[in-house]
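The following exercises are to be worked through with the sequence and the model in view. Each task is followed by a solution in steps.

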Amino acid sequence: MEKSSYVSRVNQLDADLLDKEVTKIIHEQLSNVYKELPPGILSKYQPEIDCLLKTIIWYCSILRNKSTFGQQILAITYQKDQLTRKKLLFHYISTILSSYLKDVSHLRLTNHLEVQKIIAWIECSTRMLTIINFFRFLKIGVYPSLVDYCLGWKHTAKSGTRMRNVGYDYMNRELIWTGFLEFLTVTLPLVNFHSMRRKITNALKPSVTQQHSKKQEPAMNINTKCAICLQRPSLPHHINCGHIFCYYCLKGSVLADPQFQCPLCDFSSSEEVLPVKIKI
Ligand SMILES: [Zn+2]
Ligand SMILES: [Zn+2]
């Protein structure tokens, strides 16, 4: 093989993976369109829709551009003189028509046990041959797929393309982010955000309002809201400042910061949280 037309094994395998991804993406886009339709209308024609989709992709890639979409992304192509009419027809039958027939048999010929047995046998032998071909490909470096091997279609690099270089930029970025996340995971639990927020809020207040020290028994009515989460208080409790809190909001805040201040009136109490007595 000429050095200029050499295609590495990795590139050939990547091209195959990219082809599968392209088909998957288009398939997902189509499925999103089906979702809007009433269920069951198109599902009975699924093999035909898949076949049509693959045929369009095949027509736009191999037939027109002599290479699949994955190969085009990686600047690979089939040698043009290899793509004769007969071989193209064989490629279409072996890749698209065969998978269509398989789908049809699974969907509509479930009662024909003989047909199912033949199809299972063909599938099994194709898989075996694919595995053998893959090992052969790893050793020799040409014909990554069984169909390519049968047709003798070799991948060649497009003229003017250079060998693929591995870029480590992405990997370095990933490593930095992972390190940063690990650092945050270790340090964040050590920081008491409740206490920090209270200190910052107190420092930023222009004139500290005189904290009332008088104990006030809270009165609860239908419009009462928790001073922390601003929702209807569940298990209402208080700290003698006249405001009401959910038990979990208040207890959680007091446990996190023993010098907890009421967010509405800055009252700070060292006493235990107390349940609200409901007067009937
Ligand atoms: Zn609450
Ligand atoms: Zn208060």
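**Exercise 1.** At which residues does UniProt place the feature "domain: RING-type"?

*Solution.* The UniProt record, an unreviewed entry, places this feature at residues 226–266. Such annotations may be inferred rather than shown by experiment.

The model is predicted, with local features needing pLDDT of at least 70 and side-chain atom pairs counting only at pLDDT 80 or more, while totals for chains, interfaces and linings use all residues. Residues are numbered from 1 along each chain as its sequence is written, and chains are lettered from A and ligands numbered from 1 in the order in which they are written.

**Exercise 2.** Describe the span and the covering of helix 5.

*Solution.* Helices (H or I, at least four residues) and strands (E, at least two) are DSSP runs, numbered from the N terminus.

1. Helix 5 covers residues 113–140, which is 28 residues.
2. From its first C-alpha to its last, helix 5 reaches 40 Å, close to the expected 40 Å; the expected span is 1.5 Å times one less than the number of residues.
3. A residue is buried if 20 or more other C-beta atoms, placed from the backbone, lie within 10 Å of its own, exposed if 12 or fewer, and partly exposed in between. The count of buried residues in helix 5 is zero.
4. I140 lies in helix 5 and counts as exposed because it has 9 C-beta neighbours inside 10 Å.
5. Just after helix 5, G141 takes a positive phi of about 90°.

**Exercise 3.** Determine how helix 2 and helix 4 are arranged.

*Solution.* 

1. Helix 2 (residues 46–65) and helix 4 (residues 85–108) pack at an angle of about 165°, with their axes 10 Å apart. Axes are lines fitted to C-alpha atoms over the stretch in contact, and angles run from 0 to 180 degrees between N-to-C directions.
2. Helix 2 is therefore roughly antiparallel to helix 4, a term for angles over 145 degrees.
3. Contact requires C-beta atoms, placed from the backbone, within 7 Å. Residues of helix 2 including W58 and I62 meet residues of helix 4, among them Y92 and Y100.

**Exercise 4.** Is Q216 buried, exposed or partly exposed, and which residues does Q216 touch?

*Solution.* 

1. Q216 lies in the loop between helix 8 (193–204) and strand 3 (237–238).
2. Because 13 other C-beta atoms lie within 10 Å, Q216 is partly exposed.
3. Not counting residues up to four places away in sequence, Q216 touches N240, C241 and G242.
4. Q216 and C241 are 25 residues apart along the chain, and their C-alpha atoms are separated by 5.2 Å.

Conventions:
Parallel < 35°, antiparallel > 145°, perpendicular 65-115°, else oblique. Contact = placed C-beta atoms within 7 Å.
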